[in-house]
Amino acid sequence: MHSKLPSSIVDISKMASVTVTNLHVKCRNSPYPRTSDIQRYPVPDDKVSWNLSWPEYHPVAYTAPGISKKPWADPDNHDGKYKAIQFNKIDGILDRTSFMGQYKFSADGLPLNPCGRTGITGRGVLGRWGPNHAADPIVTRWKITDSGSRCLNKTTGRPILQFVSIRRKDSGQWAIPGGMVDAGENYTSTLKREFSEEALNSTTASPKELEAIVKRVDDAFHHGVEIYKGYVDDPRNTDNAWMETVAVNFHDEVGNCLALFPLTAVSNRRIQLIEQYLQ
């Protein structure tokens, strides 16, 4: 893997900052994920910012039943243990800082989504109050012919970029094979673990197969380029809990590394190489 972006890919890490509105669309849609009856309070574009007074704002309160009892989840805000949470800092082995900077709090002591109102309070289905950190590996290569030369788009004459993506059966949407950063885990480890689980189905591999998968992923993910770090416009976001991610591009410039991966999706997902025709 080369530690630079392919020349025809736009380096989004150098793009001008996007507006809050552009980063805050999916998390205002209804119904709330994994429910059929939880409707968000409608939030128009001009009322998203917390800086705007909106006395009429009455968001729906929702935290998925039983979420606080999960071993990886925070306690309920009415639980005495909630007061012990150290927000905006490293809290034991948990990183509760935000890539967006210091986040503020509501009058009742709940962290506020740095990108604004979502129409729902509580945690929804997210485990942590405040930022919930994820990591997304964007694994790419140039499409090549059997002889090893790059395939070109017949219309533009430009090379065809392929990247690994999974299609979720629950929503039908294509997604990057990433996932949540575990407590005490650095995002580099998360990138490797999630790609192995989501794209290579390492959770069902035999010990010998798992050893081979780990070695291949370690070799392939030795170098990467961080292309995004920040807020994610995720449908699960609420006023008090939200997703953030680190996205890293691992590009196989020659085409002899990604080909070694036996792409195998887990049972509830479909995986394949998606082609991006470069303009």
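Q: How many bridges join strand S1 to S4, and do they run parallel or antiparallel?
A: Three, and S1 (residues 60-63) and S4 run parallel. Strands here are DSSP runs of E, at least two residues, numbered from the N terminus, and two of them pair if DSSP finds at least two bridges between them. This is a predicted model, where local features need pLDDT of at least 70, side-chain atom pairs count only at pLDDT 80 or more, and totals for chains, interfaces and linings use all residues. Residues are numbered from 1 along each chain as its sequence is written, and side-chain values use heavy atoms, with hydrogens and water left out.

Q: What stands opposite Thr121 in S4?
A: Ala61.

Q: Why is S4 largely enclosed by the rest of the structure?
A: Because five of the five residues of S4 (residues 120-124) are buried, meaning under 20% relative accessible area (1.4 Å probe, protein chains only).

Q: Switching to Thr140, where is that found?
A: In strand S5, residues 130-142. Thr140 is buried too, at 2% relative accessible area.

Q: Which side chains does the Thr140 side chain make polar contacts with?
A: Asn249 at 3.2 Å and His251 at 2.7 Å. A polar contact is a pair of N or O atoms within 3.5 Å; within protein, one must be able to donate a hydrogen and the other to accept it, and residues adjacent in sequence count only if both atoms are side-chain atoms.

Q: And what does Cys27 touch?
A: Leaving out residues up to four places away in sequence, Cys27 touches Arg40, Thr118, Tyr231, Asp233, Asp234, Pro235 and Asn237, with contact meaning heavy atoms within 4.5 Å.

Terms used:
Helices (H or I, at least four residues) and strands (E, at least two) are DSSP runs, numbered from the N terminus. Buried means under 20% relative accessible area, exposed over 50%, partly exposed in between (1.4 Å probe, protein chains only).
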